[in-house]
Amino acid sequence: MAQVWPGHPYPLGATYDGSGTNFAIFSEVADRIELCLFDANPQASDGDPVDVERRIELHEKDAFVWHCYLPGVGPGQRYGYRVHGPHDPGRGLRCNPHKLLLDPYAKAVDGEIDWDQACFGYTFGEPDSLNTIDSAPHMMKSVVISPFFDWNGDRPPRTPYDETVIYEAHVRGLTMRHPGLPAEYRGTYAGIAHPVMIDHYQKLGITAVELMPVHQFVHDEHLVRRGLRNYWGYNSIAFLAPHNAYSSAGGLGTQVQEFKGMVKDLHNAGIEVILDVVYNHTAEGNHMGPMLCFRGIDNAAYYRLVEDDNQYYMDYTGTGNTLHVRHPHVLQLIMDSLRYWVLEMHVDGFRFDLAATLAREFYDVDRLSSFFDLVQQDPVVSQVKLIAEPWDVGEGGYQVGNFPPLWTEWNGKYRDTVRDFWRGQDHGIAEFASRLTGSSDLYQFTGRRPSASINFVTAHDGFTLADLVSYNGKHNDANGEENRDGSDDNRSWNCGVEGPTDDPEVRALRAAQTRNLLTTLFLSQGVPMLVAGDEMARTQDGNNNAYCQDNETSWLDWSDLSEHADLVRFTAEVSRLRREHPVFRRRRFFHGAPIRGTGDVGDDRALKDIVWLRPDGSEMTDQDWESGTARMLGVFLNGDGIPDPDARGEPVVDDSFLMFFNAHSETVVFQVPPAEFGDSWETVVDSRGSATPQDGDAFGQTTAAQATAGQLKAGAPVQLDARSTVVLRRAS
């Protein structure tokens, strides 16, 4: 190495400027820090390249940030750190210079760990000991990247929440089995944005792809030893680095360029990219976990330790540790990471895993915590989509409805209520009605709108939609945990037979239930989230916790696309219905008639923006709402009652709709309400049908009345088969 210049303490990480690279790392506890550069030696005696390590001591330190500048060092250079300092686990001090450590600000990572004993800071069986075996040969390495990329005028779509339809997907699982993609693109960032995939998203009306974790993550030792993998990726170790295994090229730092190319291509198609991010814990686990990065750099700064015994870690996540979000440098890391992904990688938003953990100032969840204050005032992060998974595993961790105004939330109450309604649970219909109309009970008091509710019936965690209507219990034996893992609270119903069946009645019922759930999801106020594959009846054979199944169990089988073409078409059509009709995606809550309101319906001009209907076509009373066994509901949505103007300030006027829901096991007859609501109506959805388009617009099966008369007149009967949904549009 010819020269070592002092460099600068900011920005943290490795920053290439075209001539050389500045290196900067924070550690308050360190006595010395060595920057380690790795180059392959092709002259190894056995023919395999062997890393040659060069160590450079960092002499410059400002405000606990150690730094240097190396002229001539550029993209592709692999590196890591060795931190010298106190080792006293009982006091939370775990420095060990024998362990190569990743840069917390690494923008790319090469390789993966092999779980040799050298990767641990202690000797097995002696948790307080100092393991002096060099971990470098067994460790992944940080990589210097080039920040330069031709975005060619890329602009974010900035899709409003009320127009957003989210598609939750796994980078690898989405395309691994897609026959229309080149083999080298399957399971990669490039595969996500292949024209074949973009065509599929657009057919479904998807406006945003929400990718499960792409921050560089680690496959847990206990899984690797059982021949399994951490497929989901909720085990992050580098918050600025796209996961290297998802790159089709495989070179040093090429994953960064490929990720940017994916974002650019999706943006060109009008599709946003949302990242599922895991800032609540890291892959280093509890006190018996490996030493890979934060633990060896400054353990007490990065992690929340048990207050009266610093050897152990607070665990609000169920993974062994919790990031110390109260610490200013940890907050800085999270905010720097978020800004980097927006400014440099051009992503459009984030879904925060176990977000309640980030709000724990001390032990309780605090809605006004430092993290949320920083997000609120940040000019970059505050302007993208922010989605919370509003719970963690700690006491008081279920915080649905309690996040600040900028945030939207995965609405777990929506999921549970909709599942319960369609499986016929006797909880009454009032809560179902609330979830259908945007969950104002959860969000309105904080000044939020219906779009604060990210509505979902299924997610990556739990049953797929096909399994939700096919299994009463989980079947997770393949995970190797004797079926003890995964939730037992599935709120599923197998329709009479557990698992696969040839019984035509059961299969027809399952198909109808699937369409009921999809129709409810897309026509509810709020933002719908569809899980990749649910549109084509993807199954995991009853596994509701496939986190470790990096195989056909989790990968989408694209042969289902043709086998279940009717369901794909149904999903696309109900998505189109939502897209074309703003009455299903209002920007404000209904206010003309509270759910329990009563009163006479006057002329058309006096119609309320929403009216809840009894089977006889009259408005519901308080007594109707109080029935705990009701399983049917009718609702009128007034297309003339939308209060918000469009982007140009013009009034928004839409068609009016009637929606009838029957979760009962028997046929129910509803009456079309009086002529004040409309003289005639046409069927646009009937979930008990084959989903074949009719008359170029309607889909599902027409009712007997429509089949004979073409349109339904005011006061006409509408027959709802058992467990079905019918949607009517006002024709005049």
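Tutor: Let's start with a rule: two strands pair if DSSP finds at least two bridges between them. Strands (E, at least two residues) and helices (H or I, at least four) are DSSP runs, numbered from the N terminus. This is a predicted model, where local features need pLDDT of at least 70, side-chain atom pairs count only at pLDDT 80 or more, and totals for chains, interfaces and linings use all residues. Residues are numbered from 1 along each chain as its sequence is written, and side-chain values use heavy atoms, with hydrogens and water left out.

Student: How do you know that strand 3 and strand 7 pair?

Tutor: Strand 3 (residues 32–41) and strand 7 (residues 78–84) share seven bridges in the antiparallel sense. The rule asks for at least two, so they count as a pair. Take R32: its bridge partner in strand 7 is H84.

Student: What makes strand 4 and strand 10 edge strands?

Tutor: They belong to an open, antiparallel sheet of five strands with the order 4-3-7-11-10. Strand 4 (50–57) and strand 10 (109–110) each pair on one side only.

Student: Why is R158 called exposed?

Tutor: The scale is relative accessible area: buried is under 20%, exposed over 50%, partly exposed in between (1.4 Å probe, protein chains only). R158 has 59%, so it counts as exposed. You'll find R158 in the loop between strand 11 (141–143) and strand 12 (166–169), with a positive phi of about 50° although it is not a glycine.

Student: And what does N483 count as?

Tutor: Partly exposed, because its relative accessibility is 23%. N483 sits in the loop between helix 12 (465–468) and helix 13 (504–523), and its phi is positive too, about 60°, though it isn't a glycine.

Student: What makes a space a cavity or a pocket?

Tutor: On a 1 Å grid over the protein atoms alone, a cavity is a set of points where a 1.4 Å probe fits but cannot get out, whereas a pocket is an open set with protein on both sides within 12 Å along at least five of seven lines; lining residues have an atom within 4 Å of a point. The whole structure has nine cavities of 30 Å³ or more. The largest cavity has a volume of about 140 Å³, and the closest of its 15 lining residues to its centre are H170, M212, H460, R538 and S554. The largest pocket holds about 1400 Å³. Of the 50 residues lining it, W232, T317, G318, T319 and D461 are the closest to its centre. Helix 9 gives the most to that lining, with three residues.

How values were computed
Grid points are joined across faces, edges and corners, and a volume is the space filled by probe spheres set on the points.
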